[in-house]
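Please look through the sequence and the structure shown here before reading on. The paragraphs that follow go through helices, strands, loops and the ligand in turn.

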Amino acid sequence: MPVTLYHFGNSACSEKVRLALNEKGVRDWESRQVDLFKGDQFKSEYLKLNPKAVVPTLVDDGKIITESTLIAEYIDDRFDGPALKPTDPFARAEMRLYSKACDEGVHQAIGVISFAAMFMDRLRRMSPAELAEHLSKVVDLERRDRYTTIHAHGVRAPHVYRGVAALEKLFQKIESVLNDRRRWLCGDQFTLAEVNLAPYLARLEYVNVIDIWLVERPFSTAWFERLKGRSSFADEVVKWINPNEWEEMRSGGLTIKDALRENLADYRVNDFGASHY
Ligand SMILES: N[C@@H](CCC(=O)N[C@@H](CS)C(=O)NCC(=O)O)C(=O)O
């Protein structure tokens, strides 16, 4: 019986899971799209699958799996196909550090940057009553707080600064790990570290700000080019983005780029000492 994926086209967490399926060679998965802009994630049937009201959710023969990094691991364990985890225990622990970084800082960083670049404007077009209703449905209180603060303060919100810092730490780490011989983060093998990070980096590229971090980081740049060259990337990231979204990302990103640069310069001067990964 094929697995069913509840997901949304231009959603980094959904891209992660689609990439994992693709890299394992799983093609016969059933797609159920959850339109985040129409509020499908808040519908009672979906909340039964995912009480946090977020995508993605995987259903495998009645078993429900949530959390994109965990779903990606599940897919690797569940299906034949190239292994996406190193066999060596230490390399595996290292790989999971990237998953942890995604879940603990990078995901939020990309969320707040995307929100400040694009989604905030959608919310600003709502009436106060519509806005209050929308925010009241966001069940994760920290997420609600982020949206409310960024809605009020835009790119000056402290969450954006923390996001810029999380990305800086990530790129410091990536640049220090890769070299002329190490093609992937865990060595010769393409792993879930790449699967989990690729969608976030893609979003940074599409909102036109990735150069802020990639400039003077040749190994990270070459590694990202290799990632983008995989057929899974074209099939599971690029193909799912519609023409309006490309333009919205590009133009939205440009409105916040200078502020992100300033945040990064500030972070490098004031907080760099504390930035060990
Ligand atoms: N930790 C969760 C986060 C999921 C998440 O934040 N998904 C976003 C899309 S990438 C979402 O559904 N957002 C809905 C909303 O903000 O209302 C995971 O990795 O699955």
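In this predicted model, helix α4 (residues 89-124) and helix α7 (residues 158-177) have axes that come within 8 Å and cross at roughly 130°, where axes are lines fitted to C-alpha atoms, for helices over the stretch in contact, and angles run from 0 to 180 degrees between N-to-C directions. Angles under 35 degrees count as roughly parallel, over 145 as roughly antiparallel, 65 to 115 as roughly perpendicular and the rest as oblique, and α4 and α7 are therefore oblique to each other. The crossing of α4 past α7 is left-handed; a crossing has this hand if the near helix is turned anticlockwise from the far one by less than a right angle, and is right-handed if clockwise. Helices here are DSSP runs of H or I with at least four residues, strands are runs of E with at least two, and both are numbered from the N terminus.

Residues are numbered from 1 along each chain as its sequence is written. As the model is predicted, local features need pLDDT of at least 70 and side-chain atom pairs count only at pLDDT 80 or more, while totals for chains, interfaces and linings use all residues.

A second pair of helices is formed by α1 and helix α8 (residues 192-206), whose axes come within 8 Å and cross at roughly 135°. These two helices, α1 and α8, are therefore oblique to each other, and α1 passes α8 in a right-handed crossing.

Turning to the strands, there is an open sheet of four strands in the order β2-β1-β3-β4, with mixed pairing, where two strands pair if DSSP finds at least two bridges between them. The edge strands are β2 and β4 (63-66), each of which pairs on one side only, and the twist from one strand to the next averages 20°.

Within this sheet, strand β1 (residues 4-7) pairs with strand β2 (residues 30-33) in the parallel sense over four bridges. From β1 the chain passes through α1 to β2 in a right-handed β-α-β crossover, a term that applies if, with the strands pointing away from the viewer, the path from the first strand over the helix to the second runs clockwise.

In the hairpin of β3 and β4, two residues lie between the strands, and D61 takes a positive phi near 50°.

The loop between α2 (44-49) and β3 holds P56, and the peptide bond that leads from V55 to P56 is cis, with omega near 5°. A53 also lies in the loop between α2 and β3, and its phi is near 60°, a positive value in a residue other than glycine.

Which residues surround the ligand? They are S11, A12, C13, L36, Q41, V54, V55, E67, S68, T69 and V138, where a residue is near a molecule if its C-beta atom, placed from the backbone, lies within 6 Å of it. Both α1 (12-23) and α3 (68-78) supply at least two residues each to this shell. The shell divides into six nonpolar, four polar and one charged residue, with Ala, Val, Leu, Ile, Met, Phe, Trp, Tyr, Cys and Pro counted as nonpolar, Asp, Glu, Lys and Arg as charged, and the others, Gly among them, as polar.
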